[in-house]
Amino acid sequence: MGLLCYNRRMTAGKKVENAHDFKVVRPGKGLGMGLVTLKSFKKGDKIIEYIGIKKTNTEVENDETKYLFEIDDKYTIDGSPRWNIARYINHSCAPNAEADIIDSRIWIVAVKNIDAGSELTYDYGKEYFDEFIRPAGCKCVKCSKKSEK
């Protein structure tokens with residue numbers, strides 16, 4: 001079993017510190033869950049921390065969860081616990097945020113101004129996209145609009 005991630009502060013409810021600023025939603029029919037912000041963010045703001053269980057990269061080699069986030073050549077964060085509400089941020093080919101590793105912590109950071117009520121998205125990267133998204137077809141807003149044409 002992995003160690004609890006030093007990447008987060010443990011709280012009684014194992015929740016993200018600013019969880020009250022977000023709402024988990026189902027953005028559309030046939031889609032999974034998404035995360036909507038209840039407050040505005042400016043470009044460059046840290047939005048939310050991606051938290052979870054810190055495991056060695058060796059431990060997760062055969063792990064089937066889709067919520068693994070490699071932080072360096074030794075460790076990965078298993079973000080699958082539901083108390084990690086950042087796990088609900090969906091992929092987009094035209095994202096409003098990005099994942100940055102800052103001081104060994106995973107932060108979701110705004111790449112443009114984001115209004116309250118907006119769904120948060122970031123690009124999951126080529127490896128994840130090719131393995132999990134491409135086979136089923138990307139359902140982000142940008143790609144959905146392309147397929148309607």
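The model is predicted, so local features need pLDDT of at least 70 and side-chain atom pairs count only at pLDDT 80 or more, while totals for chains, interfaces and linings use all residues. Residues are numbered from 1 along each chain as its sequence is written, and side-chain values use heavy atoms, with hydrogens and water left out. The chain has 11 strands and two helices, and 40% of its 149 residues are buried.

**Fold and surface**

- The order of elements along the sequence is β-β-β-β-β-β-β-β-β-β-β-α-α; helices (H or I, at least four residues) and strands (E, at least two) are DSSP runs numbered from the N terminus.
- Of the contacts (heavy atoms within 4.5 Å) with a separation of 6 or more, 65% join residues 24 or more positions apart.
- The chain exposes about 9,100 Å², of which carbon and sulfur atoms supply 49%; accessible areas come from the Shrake-Rupley method with a 1.4 Å probe, and for residues only the protein chains shown count as cover.
- Buried stands for under 20% relative accessible area, exposed for over 50%, and partly exposed for values in between (1.4 Å probe, protein chains only).

**Nonpolar cores**

- A nonpolar core is a set of buried Ala, Val, Leu, Ile, Met, Phe, Trp, Tyr and Cys residues joined through side-chain atoms within 4.5 Å.
- The largest nonpolar core has 23 residues, and those with the most contacts inside it are F22, L35, I47, I48 and I89.
- Strand 4 (46–50) and strand 10 (105–110) each supply at least two residues of this core.
- Another core, of five residues, lies apart from the largest one and includes F129, C138, C140 and C143.
- Leaving out residues up to four places away in sequence, F22 touches L35, V36, T37, L38, F41, I47, I48, I85 and L120.
- In soluble globular proteins, nonpolar side chains tend to be buried together.

**Largest pocket**

- The largest pocket holds about 1,500 Å³ of space; a volume is the space filled by probe spheres set on grid points, which are joined across faces, edges and corners.
- On a 1 Å grid over the protein atoms alone, a pocket is an open set of points where a 1.4 Å probe fits, with protein on both sides within 12 Å along at least five of seven lines, and lining residues have an atom within 4 Å of a point.
- Among the 47 residues that line the largest pocket, K66, H91, Y124, Y128 and I133 are the closest to its centre.
- Two or more lining residues come from each of strand 6 (68–70), strand 8 (90–91), strand 11 (121–122), helix 1 (126–133) and helix 2 (141–148).
- Helix 1 gives the largest share of this lining, six residues.
- The lining divides into 21 nonpolar, 12 polar and 14 charged residues, where Ala, Val, Leu, Ile, Met, Phe, Trp, Tyr, Cys and Pro count as nonpolar, Asp, Glu, Lys and Arg as charged, and the others, Gly among them, as polar.

**Loop residues**

- D103 lies in the loop between strand 9 (97–102) and strand 10 and, although not a glycine, has a positive phi of about 55 degrees.
- D103 is exposed, at a relative accessible area of 69%.
- S104 lies in the loop between strand 9 and strand 10; S104 is not a glycine either, yet has a positive phi of about 65 degrees.
- S104 is partly exposed, at 31% relative accessibility.
- Y88 lies in the loop between strand 7 (75–78) and strand 8 and is buried, at 10% relative accessibility.
- Y88 touches V24, M33, G34, L35 and R82, not counting residues up to four places away in sequence.
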